[in-house]
Amino acid sequence: MMVVREQTTSEALAIVPIQFFVPPSQQTTTDADSEPTPMLQIEGARETTPETPKQLQETTPKLPPAPTKIHPDAEDAAALLMMARTAAYVPKTDPGMPSFSLGLTDSSQEGASTQETEREKSPETATMLEQLDSLVQKLASSASKGKDESPQIRRETGGESSAKFETPGGINQIPDDMKQKCYIWGTRLKEDAKGDTDEYEEMCTLIGQGEYILIRMHLASLQAKSDIESQIVSAICLILNQKNEKRFQEQIYCLPPDIVSMALSDHPRGEFISPKTNKEFRVEAYSSFIEFIDRKKLSSHPYIFAPVCHSGHWWLWLINTRTRKCQILDPLHKKAPSDERKDINKFTGYVFSRLITYAGGKPLEKGEKEKEIKAPYVKISGQKTSYDCAIYVMKWLELIEPENIKKGKYEWDNWTQEEVDHYRVEYASRILFSEMNTQRDRAIRESSVIRLSKPSSVLLSPFCQINSADIETG
């Protein structure tokens, strides 16, 4: 490998293409013994005519044909193999990021290929390394064969990832690397020179009973060790209620928490007379959120799963509309932690009863007893941190079987922290890639290619570390 400094306007170090030739006197093989032998070309950051974004996506890098045989020294061959392997290196993730592998791509390479994760290589990367390994072995050996054109090493571009995802057969088969890139794209806030961020940028519009809009600040709450915004839980409720499954079409209705959250902000300690408005709770007072409630399912389904958030903590109500009984699943507590929480539970029970009645169902209790609704806590294993309660509640919406709750207990295998962290990635991609999202095409397109913000030859070093500050979307 030869490094040459070229005089450029930026005084940058450029690695120029080199070729190794063997004198004609050493070319003794016959055509019958020949095999295609490619020419290795090593390129650095030199000035070239810029390509359009379309060209960058459609270009498939390939090795050009070699005019003669190549015989570099074994030391050079080893260096080339090292570069091939470092191209697939994935640095350690930032401690603030969830504990899953990130499929980042180096922007110094014009293709948007998927790199090797810490657990396993992608098929494309594995194939490329095998081919390069075999190529280096051939170069290092004294055997000289062939003069035909080399085979192409195919690398999947971001455009190809999007096209594959959009095919009818794979519409719901989101690759893990796409989920990870979607997570990075959707949850990272950008800051301009003035210090302003894009936290209010509209990222998602879900069409269900109405248009439910999420901004980047909502999705950013899915970052590791962050408390999740109420809008994320509402979005998951809307998506689950639209799933074509018996569980959600006939049995369980997930009540979006918006009205309850707003009611608790007006009745912060569970007072039935609001200290802000000096009025009792009325469903009609929250008209902007009524359109997101499916009244038919709310009044007809035998079970209502209702997430509740207060003072940054989430728990889940299970309401049996047939028996008029309620239960609480709290990922942190096995009983009400304070008298204030008991008052809040009474108030939220009243809110749920009023909502069911508004939708055309029967109240949970009659008359004044409606303000004394009891909901015992179910013993269930839960969160290990102070910030994952919403993750547990959203997964319980999907998994809990209310008929399996016996004697106030629910036996099940809890998740590892790594699994809980990865659910944040799953929920980001599930929301942004949802068919209900009118901006879904944009999410696919813009998250399919994630580049590193500061491309450099240093990225070829196995000692290079990258954190979230180095990640740029676009």
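This is a predicted model: local features need pLDDT of at least 70, side-chain atom pairs count only at pLDDT 80 or more; totals for chains, interfaces and linings use all residues.
**View 1. Helix α7 meets helix α14.** Here we look at α7, which covers residues 230-241, and α14, which covers residues 417-432. Their axes come within 10 Å and cross at roughly 60°. That angle is why α7 is called oblique to α14. On the α7 side, the contact is made by I232, A235, I236, I239 and L240, while α14 brings in Y427, R430 and I431.

**View 2. Strands β1 and β2 pair up.** Strand β1 takes in residues 202-207, and strand β2 takes in residues 211-215. The two run in the antiparallel sense and are paired over 5 bridges. To get from β1 to β2, the chain goes through a hairpin of 3 residues.

**View 3. Q327 and its surroundings.** Q327 sits in strand β6, which spans residues 325-329. Is Q327 buried, exposed or something in between? Its relative accessibility is 24%, so Q327 counts as partly exposed. Now find Y377: it is 50 residues away from Q327 in sequence, yet their C-alpha atoms are 5.9 Å apart in space. Setting aside neighbours within four places in sequence, Q327 touches L316, W317, L318, A375, P376, V378 and I405.

Technical notes. Residues are numbered from 1 along each chain as its sequence is written. Side-chain values use heavy atoms; hydrogens and water are left out. Axes are lines fitted to C-alpha atoms, for helices over the stretch in contact, and angles run from 0 to 180 degrees between N-to-C directions. Helices (H or I, at least four residues) and strands (E, at least two) are DSSP runs, numbered from the N terminus. Angles under 35 degrees count as roughly parallel, over 145 as roughly antiparallel, 65 to 115 as roughly perpendicular and the rest as oblique. Contact means heavy atoms within 4.5 Å. Buried means under 20% relative accessible area, exposed over 50%, partly exposed in between (1.4 Å probe, protein chains only). Two strands pair if DSSP finds at least two bridges between them.
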